[in-house]
Amino acid sequence: MTNLLVPRSDVSEFRKRYRWLALFAFVGFAAVVLRLFHLQIIQGAKYSQIAHENVIRRVAVPTTRGIIRDAQGRILASSRPSFNVLVVPGRVMPSARPSRSSRSADEPESWSRVADTLRLNPDERTRLTARIRDACVTDEDRSPCWRPILVREDLSRDIVAELKQHATEVPGVEVVSQPVRYYPYKELGAHVIGYTAEIDADTLSKFRPTNWETLSAEERQQSNPLGYEPGDMIGATGVERTWESYLRGQRGWEKRVVDARGRYRSGPEAERLLDAPSRQEPLPGRDLRLTIDVDLEQAVERALRPYTAGAAVVVDVRSGRLLAVYSKPEFDPNDLSGGSGRDRIRESFNKLYSDPLRPMLDKTMSGAFAPGSTFKPFSALAALQDKLVNPAERERCDGYLYFGRRAFHCTHVHGKVNMHDAIAQSCNIYFFKLAEAVGVDRIARLASEFGLGQKTGLGVNPESPGRIPTRSWYALRYKGQFRIGFTLNTAIGQGATTVTPLQLALAYGAIANGGTVYSPQIVRAVETSDGAVVQDFPPRVRQKAQVSPENLARVNDALYAVVNDEKGTAFPVRDATLEVAGKTGTAQTGYVNTSGDEPKKAWYMSRDHAWFASYFPAKSPEIAVVVLVEHGGSGPTIAAPIAMQIIRDYRRLAQPHATKAAGAKDGHQSGPSATAIKASHQERPRE
Amino acid sequence: MRNLRDHARLFGLPRDQFDWALFLTASALAVIGVINLYSATSVSRAALSDIYIQQVYWLVLGGILAAVVAMIDYRHYERLGYVLYGIGIVLLVLVFILGKDIRGSSRWIQIGSFSFQPSEFMKLLMIIALAKYLHDDPKTDSRSLKDLLIPAALAAIPTLLILKQPDLGTAVILAFIFATIALLTKIRWKSLVTLAVAVGIAMPLLWTYVFHDYQKQRILVFLNPESNLLGSGWHAHHARVAIGAGGVSGEGFMRGTQNQFLFVPDQHSDFPFAVFAQDWGFLGCLILVALYTFLVLWAVRIAATAKDRFGAVLAIGVGALVFWHAFFNLGMVTGILPVVGVTLPLFSAGGSSVVTIMLGIGLLMNVSMRRFYVSPAHGTGLSTN
């Protein structure tokens, strides 16, 4: 260094270093610039995408579940809005937050006011206050302090209005509208309509396997076509469950701008960030039109009102359409579908499942019962068909009969009876003798031709197949010791024989319509939300029973005599204006008090099941009606009057319908759905 | 130093020696810093709304103090070097007695409603003390480690005190400033190698006994950034996303989504650069980094032209202060260094930090303005112009 212009005190020691230090600083900053180049230019698009995804959240737009209507178009199940209140802990109670720095003076403590407005009782209030404080132990960006918690479900509209009016004064409160399934007829037909419930973990895992997060969009669509998510409602029983895929609809989505604390942002600044498409509209679920007629269903309910438990089925014998399906005791699907909050659901379930009368069981199809004497026509047909018994031949009934060392009893001494009288007066002895001649396998074969002992395929609730025992069944069950008593019991619908009321109704329908066993039908049509028919279901014949018309006519005569002959078992309770044919049944339950039930329960459980299976009108049948009163006692005195009452109501209801349909034909004013009904009404007589 | 001749023309006119380049660079950084703080805090209306105004107050206060510091001939500081250093140490000790706790560490002394961070000022006081030591020890031959023992002690005392607060960021800065100044001297190669080995041994010991869990966690996250996106990696991740999303030209003033939607952590203290990067993009960042680079290189230049060792070390020290702060902060925010709480000079909000940097600028100005003064002690009689 030759520059001596500036005097220095021995800075020469440092001189060589300056350049190195400058170079080092330059390299350091160059490294930063290089890194910035990498981040902003090479990976800029990627980070820009991440930043975009950070603030855009796809929010599901709920769809509306389809409406279930009865045959006349009355709503059986629909959705109503329910309002839930959520609060963001950190915002309703700023004082609960630990760090003072992020808090400003103008944030009001709105919690106590919210609690007042919601009319929380002191218990709930202290519980929720504690929860809010717990949530705000930290107030970092992702702490539960910023996650809304549910405070109350299904608020009344007054409170909702009050909250909305003061929305600006109580920050941190959200009112969320959520559709809740609503069943206007409450218990009526609850079993067949069913209810909806929050999807449980097992079902959900079927749709969303454990590797869900790793699946591609197509795989997700394939595994979960209906898009179930935790917390979704799903049909749990009845039509709601079976027709879930039609009713559910497809939820849409909407892009929302959200900040790091999960708060939604709006305004032009936020909308700028939304890219198209920003919304996909939800597809509403399909509506269903059932074959059920609410008026008739109500009539059935009224008729069965005096009894604690039972079931009734009314089916159109010309189409297999179910006009009324009723199981007792019932439950209120509104309670189970969450309309009154989660606590109510739990409470209802506990009550329903501990009830010995099994209200959750659909007795029309899930419960199998010994049919008792209502089974006799099928035994008679088996004998006639194979020409093993001469129907005119009389057998003597002394009130009892010995087979081997065992006595088999009749209700009383019938004297000499032929087949016609035996059915009309329900003589067991005649059928014992008949059974001896026919054998259990022939009876079973004929019964299965009428669909007994098999699932009907309705598929609405888990169906019990019932049981028509055969020799081989007994062989399996009793290790080869077949006894004649088994055959005798089968012939009169006792012993191991069980049927469901639905099976019996369809079988009686087949007796009435000349041997055609229909597939039962509960949903008549699928419609769009504006009423256009998407899919119409014509009646389906399941099988034809191989019985000759003469034999069938003979049994029909006998069934007519049951009600209309002076000696017929149902004669005392007949309605002279109604031409009903049917068969009473009093089925022993075989209850033995082995588990030490209390006497009252034991008395109830040991009582016979009362049956009445019938069709109407006897000469040109339209409907088959089966009534079962569980542990009701005698069929003729208990079940038969109920069936008569139902038939009386059916006839009363049928008349105004006919005129209404005629009126609609002239007017052409009613919607497409009305036309659909009309069309099917016209179609009926031709079948 | 070719351009010294130009300055030679102005020899003897100290008032005209005002260093406009230094002044303008510092002012530009301060102005951009305030504007960026406005953008950074615009979202947190309630809590942070007045931070940028406070920053202006601090800058004004810092500017006045810097002017005062620049006015007094730096040789007075040389004279008082150890006294000032002693005051700094006393204040650091006082922190443990009077300190108030913020997020688990006590760094602040409160006087009335006014609180300040002695560790910030300690950086300058340490530089002055080291400068004085090297000034008084005008060795020209190579130094061994033994010769560096006293300056090392001068640096170690405040560094350890600050590490104890604990404030890793500031301690690291002190250590690096000392290292820079030490490298300025002629150290024997053998000594350097010994030192490197010693550091190699000390690091595992530091890791085990000195670092706190949260500090270890940060370093681990730095080594594997995706390991903990929701925990400690959260800050680093979102800062990086903000920078990357800025792209070439940025999203525009106050339009950076990462900050507007609260994803940028500590957006006014440790991460304002992330906000700046998303608002202004690569071009904006380039200008900003260029300003810092210029400031640091200018400080080296001032050192090179300083007329005595004290001034040279002072300028290098302040340059190192700015460099290491900027480098650590930018490195941390861009993800090439672990997250250590180091502020970005003139960009991060905070009174003590701003005032310290301004005082540093004042010292630089001081040295720069007086580079042609003839030291009476070493007068050469060249003022014949």
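In the predicted model, the largest nonpolar core comprises 134 residues, and A312(A), V314(A), V626(A), A639(A) and I646(A) are those with the most contacts inside it. A second, separate core contains 121 residues, among them A277(B), F282(B), I316(B) and L321(B). In soluble globular proteins, nonpolar side chains tend to be buried together. When residues up to four places away in sequence are left out, V314(A) touches L296(A), V300(A), L323(A), A324(A), I623(A), V625(A), I646(A) and Y650(A).

Chain A contains 26 helices and 24 strands. Of its 687 residues, 43% are classed as buried. Among the contacts in chain A with a separation of 6 or more, 74% are accounted for by residues 24 or more positions apart.

An open sheet of chain A is built from 5 strands, arranged in the order β13-β12-β24-β23-β22 with antiparallel pairing.

Strands of a sheet pair through backbone hydrogen bonds, either parallel or antiparallel. For strand β12 (residues 310-316) and strand β24 (residues 623-629) of chain A, the arrangement is antiparallel, and 7 bridges join the two. One of the residues concerned is V315(A), whose bridge partner in β24(A) is A624(A).

Two packed helices are described by the angle between their axes and the distance between the axes. In chain B, helix α6 (residues 118-136) and helix α7 (residues 149-163) pack at an angle of about 170°, and their axes are 9 Å apart. Because angles over 145 degrees count as roughly antiparallel, α6(B) is roughly antiparallel to α7(B). On the α6(B) side, the contact involves S119(B), M122(B), M126(B), A129(B), L130(B) and Y133(B); these meet I150(B), P151(B), L154(B), A155(B), P158(B) and I162(B) of α7(B). By residue class, the contact of α6(B) with α7(B) consists of 11 nonpolar residues and 1 polar residue, with no charged residues.

Definitions and conventions. Residues are numbered from 1 along each chain as its sequence is written. Chains are lettered from A and ligands numbered from 1 in the order in which they are written. This is a predicted model: local features need pLDDT of at least 70, side-chain atom pairs count only at pLDDT 80 or more; totals for chains, interfaces and linings use all residues. A nonpolar core is a set of buried Ala, Val, Leu, Ile, Met, Phe, Trp, Tyr and Cys residues joined through C-beta atoms within 7 Å. A residue is buried if 20 or more other C-beta atoms lie within 10 Å of its own, exposed if 12 or fewer, and partly exposed in between; C-beta atoms are placed from the backbone. Two residues are in contact if their C-beta atoms, placed from the backbone, lie within 7 Å. Axes are lines fitted to C-alpha atoms, for helices over the stretch in contact, and angles run from 0 to 180 degrees between N-to-C directions. Helices (H or I, at least four residues) and strands (E, at least two) are DSSP runs, numbered from the N terminus. Angles under 35 degrees count as roughly parallel, over 145 as roughly antiparallel, 65 to 115 as roughly perpendicular and the rest as oblique. Ala, Val, Leu, Ile, Met, Phe, Trp, Tyr, Cys and Pro count as nonpolar, Asp, Glu, Lys and Arg as charged, and the others, Gly among them, as polar. Two strands pair if DSSP finds at least two bridges between them.
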